[in-house]
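Visitor: Hi, I'm new to this one and would like a walk through it. Could you show it to me?
Guide: Happy to, here it comes.
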Amino acid sequence: MQEDPEDKIPLRVLGISNASRPDMYALLLAERGGDGRRLPIIIGLPEAQSIAVRLHGLRSPRPLSHDIFMTLALSFQIEMVEAIIYRLVDGVFFSQVVCRQDSKVIYIDSRTSDAVALAIRFNAPIYTYESVLQASTSMAQHSIASLSSQHEAKEEDSPSQRDNIDLQNLDNESLQNLMNKAIEEENYEQASIIRDILNNRK
């Protein structure tokens, strides 16, 4: 990493949206403060589910890989200090997970999706550099346009809205059973929708 530590730019996780392929998703990070610039990163389904579980406050019936890593690390008094997205080459982001055990600091090369999934679990900050943000500007503009169109497009007869209407007509016990089933099937997007309906009824 060529940049100095004081040049690090903090990021926050905005969310996850569908990508062009059914097995791919767009993880959207945003600059904290400043101009709020975006950093879109294409990730796979398992990583998207792992991030979504923590973002939506859900519990997986089985430990996910990132949960196992966190449990193992904590068992040996290893703390995750931060995640750093330090380079963008040919559309590929390069990241590191920074860990500390006692006074020893270790930099571990990582896929960005894994670094973010771990940072969420450890409540560790996520950083990048100005050079990465500048290199990803065109990618971010395309991703934001796609994400905005998904949220702003509202059709009265869309399947997702019909599904939500049907869910709203169910009692709390039925919704809870459906949410548990969705979690067991690792359909975390559906589970988060049902959870939001239940929370709104409290």
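Visitor: Let's start with helix H1. Which of its residues are buried?
Guide: H1 covers residues 45–55, and the buried ones are Glu47, Ala48, Gln49, Ser50, Ile51, Ala52 and Val53. Keep in mind that this is a predicted model.

Visitor: Is Pro61 buried or partly exposed, and why?
Guide: Pro61 has 47% relative accessibility, so it counts as partly exposed, since that class lies between 20% and 50%.

Visitor: How far is Pro61 from Asn180?
Guide: In space, their C-alpha atoms are 9.1 Å apart, although 119 residues separate Pro61 and Asn180 in sequence.

Visitor: Back to the helices. How do H1 and H3 cross?
Guide: Their axes cross at roughly 20° and come within 9 Å. That angle makes H1 roughly parallel to H3, because angles under 35 degrees count that way. On the H1 side, the contact is made by Glu47, Ser50, Ile51, Arg54 and Leu55. On the H3 side, Ser113, Asp114, Val116, Ala117, Ile120 and Arg121 take part.

Visitor: Is that crossing left-handed or right-handed?
Guide: H1 passes H3 in a left-handed crossing.

Visitor: What about H2 and H3, at what angle do they pack?
Guide: Helix H2, residues 65–75, packs against helix H3, residues 112–122, at an angle of about 55°, and their axes are 10 Å apart. H2 is therefore oblique to H3. The crossing of H2 past H3 is right-handed.

Visitor: Which residues meet there?
Guide: From H2 there are His66, Asp67, Phe69, Met70, Ala73 and Leu74. They meet Asp114, Ala117, Leu118, Arg121 and Phe122 in H3.

Visitor: Changing topic: where does Glu31 lie?
Guide: Glu31 lies in strand E2, which spans residues 24–31.

Visitor: Buried or exposed?
Guide: Glu31 counts as buried because its relative accessibility is 10%, and the cut-off for buried is under 20%.

Visitor: What is Glu31 in contact with?
Guide: Setting aside neighbours within four places in sequence, Glu31 is in contact with Ile9, Pro10, Leu11, Arg12, Gly36, Arg37 and Leu133.

Visitor: And where is Gly33 found?
Guide: Gly33 is in the loop between E2 and strand E3, residues 38–44. With 49% relative accessibility, Gly33 counts as partly exposed. The C-alpha atoms of Gly33 and Pro10 are separated by 8.5 Å, and these two residues are 23 residues apart along the chain.

Visitor: Now the rings. How many aromatic pairs are there?
Guide: The count comes to zero aromatic pairs, given that ring centres have to lie within 6.5 Å to pair.

Visitor: What sits over the ring of Tyr127, then?
Guide: The charged end of Lys8 does, 4.6 Å from the ring centre. Elsewhere, Arg87 lies over the face of Phe94, with 5.2 Å to the ring centre.

Visitor: One last thing, the whole protein. How many helices and strands are there?
Guide: The protein has eight helices and seven strands. Of its 202 residues, 39% are buried. Among contacts with a separation of 6 or more, 53% are between residues 24 or more positions apart.

Methods. Residues are numbered from 1 along each chain as its sequence is written. This is a predicted model: local features need pLDDT of at least 70, side-chain atom pairs count only at pLDDT 80 or more; totals for chains, interfaces and linings use all residues. Side-chain values use heavy atoms; hydrogens and water are left out. Rings of Phe, Tyr and Trp (its six-membered ring) pair if their centres lie within 6.5 Å; planes under 30 degrees apart count as stacked, over 60 as edge-to-face and the rest as tilted. A charge sits over a ring if NZ of Lys or CZ of Arg is within 6 Å of the ring centre and within 35 degrees of the ring normal. Buried means under 20% relative accessible area, exposed over 50%, partly exposed in between (1.4 Å probe, protein chains only). Helices (H or I, at least four residues) and strands (E, at least two) are DSSP runs, numbered from the N terminus. Axes are lines fitted to C-alpha atoms, for helices over the stretch in contact, and angles run from 0 to 180 degrees between N-to-C directions. Angles under 35 degrees count as roughly parallel, over 145 as roughly antiparallel, 65 to 115 as roughly perpendicular and the rest as oblique. A crossing is left-handed if the near helix is turned anticlockwise from the far one by less than a right angle, and right-handed if clockwise. Contact means heavy atoms within 4.5 Å.
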